[in-house]
Amino acid sequence: MTERAELGPAERTAMGSANRLKLGLFGANCSSGRAVTTVPERWSGNWTDCVALAQLADEAGIEFMLPIGRWKGYGGDTDYQGATFETVTWACGLLAKTKGLTVFGTVHAPLIAPLIAAKEFVTADHIGEGRFGLNLVCGWNEGEFEMFGASLRDHETRYEYAQEWLDVIKLAWAPQEDFDFAGRFINVKGGRAKPKPYGGSRPLIMNAGASPTGQAFAIRNCDALFSNISNGISFEETASHVKNVRALARDGGREIDIYTVGVVTCRPTVREAEDYWRHAIQDHADWPAVDNILAMRNVTPQTHGADEFQRLRNHQSNGMGGLPMVGDPDGVARQMAELAAAGLAGIGISFVNYLNELPYFCAEILPRLARLGLREKA
Ligand SMILES: Cc1cc2nc3c(=O)[nH]c(=O)nc-3n(C[C@H](O)[C@H](O)[C@H](O)COP(=O)(O)O)c2cc1C
């Protein structure tokens, strides 16, 4: 077999791209994606659309696609995120049909034996010739775990388990053939895993922990941390978060990149963008689904008071709390440039309908980001 040139660890972490601000598509493996809306053009999440989207993104030089690990829809009028592709097999299919895109699998560590998972990741990585990435999640949704006969550990123990799980994954990827592991949760006797990841390095690993424990996990173990820089967080707060996380990683002899999530509505004029955003995300939000999501997190008018509850509802309907990027191309590009200036390495974006909206984004935003020195010309 002729293999694509080997990718060193730094190239893997950079997703094979020299662009200062990396861009990815977040949530396209789920019906409705990140938009909790009833509008008929909402994202199908079907396979044909996923492939068309991945190929469009690949052509445009978009760096990555990040799926959501989701097993059960949120109900409401649309059964929001009710139809979802399992993410590692989804990644395998998309990697086979693209050339430069990094495709992540988003994997709930407690729901799959680490040696099976490690081998799946290696398989995906060979299909993609070094373009598979791992987003490790610990889970938070009790109802989903019950479907597997699993129970959620308490928050701290979830990350202790994830540490052992990832240690075993890394052992299975490491050059030596045989290994043992004796942990508090996981035991491996006479472990063996071949082949190793593609080209002598290993897949990029990310995590999106928000708590101190979750972030410390990423700092210890991951190449990238996804942090939700939501509305209201200032430039200074973002910059200091990035600086702190990077400094903590360096103290441990590691490098880490910080990414965030953005919810894009970009139209020729601000007015058109705001009108569409209001139409899709407010006037036609799937409010029963929004309320179900909030209730799962114990957010109700009773627990939070009427005003705060309403604020959180609006926050949730807009791309599950991602940073709204609503405006004309100059405005959206400016907002992205500010995030880059604060030190963020990239943004995972979503649209109401990824496939309909990505061509305009690529035509208008990418050249502006290139002029700002944040990306090479597509
Ligand atoms: C970009 C991003 C992607 C995430 N993807 C998933 C996911 O697909 N499935 C999931 O169960 N949790 C997901 N999460 C939740 C995180 O893994 C994490 O549990 C959450 O941010 C809370 O942090 P904590 O675990 O440190 O409390 C995601 C969070 C972010 C910001």
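Which of the 17 residues around the ligand come nearest? In this predicted model, the residues that come nearest are Gly69, His155, Tyr159, Ala208 and Ser211.

The packing of the helices was examined next. Two packed helices are described by the angle between their axes and the distance between the axes. Helix H6, which spans residues 155-173, packs with helix H4, residues 114-127, at an angle of about 50° and with the two axes 9 Å apart. On the H4 side the contact is made by Pro114, Leu115, Ala117, Ala118, Phe121 and Val122, and on the H6 side by Trp165, Val168, Ile169, Ala172 and Trp173. Divided by class, the residues of this contact comprise 11 nonpolar, no polar and no charged.

Helix H14, residues 354-371, packs against helix H13, residues 329-341, at an angle of about 55°, and their axes are 9 Å apart. H13 and H14 are therefore oblique to each other, and the crossing in which H13 passes H14 is right-handed. In this contact Pro329, Asp330, Val332, Ala333 and Met336 of H13 meet Tyr360, Phe361, Glu364, Ile365, Arg368 and Leu369 of H14. The residues of the contact divide into 8 nonpolar, no polar and 3 charged.

H14 also packs with helix H2, residues 47-60, the axes of H2 and H14 coming within 10 Å and crossing at roughly 10°. Because this angle is under 35 degrees, H2 is roughly parallel to H14. From H2, the residues Asp49, Ala52, Leu53, Leu56, Ala57 and Ala60 meet Tyr354, Leu355, Leu358, Pro359, Cys362 and Leu366 of H14. By class, the contact of H2 with H14 contains 11 nonpolar, no polar and 1 charged residues.

Two features of the backbone were noted in loops. Most residues other than glycine have a negative phi, and most peptide bonds are trans. Met15, although it is not a glycine, has a positive phi of about 55°; this residue is located in the loop between helix H1, residues 9-13, and strand E1, residues 22-26. The peptide bond from Lys194 to Pro195 is cis, with omega near 0°, and Pro195 has its place in the loop that runs between strand E6, residues 187-192, and strand E7, residues 204-207.

Methods:
Residues are numbered from 1 along each chain as its sequence is written. This is a predicted model: local features need pLDDT of at least 70, side-chain atom pairs count only at pLDDT 80 or more; totals for chains, interfaces and linings use all residues. Side-chain values use heavy atoms; hydrogens and water are left out. Axes are lines fitted to C-alpha atoms, for helices over the stretch in contact, and angles run from 0 to 180 degrees between N-to-C directions. Helices (H or I, at least four residues) and strands (E, at least two) are DSSP runs, numbered from the N terminus. Angles under 35 degrees count as roughly parallel, over 145 as roughly antiparallel, 65 to 115 as roughly perpendicular and the rest as oblique. A crossing is left-handed if the near helix is turned anticlockwise from the far one by less than a right angle, and right-handed if clockwise. Contact means heavy atoms within 4.5 Å. Ala, Val, Leu, Ile, Met, Phe, Trp, Tyr, Cys and Pro count as nonpolar, Asp, Glu, Lys and Arg as charged, and the others, Gly among them, as polar. A residue is near a molecule or strand if one of its heavy atoms lies within 4 Å of it.
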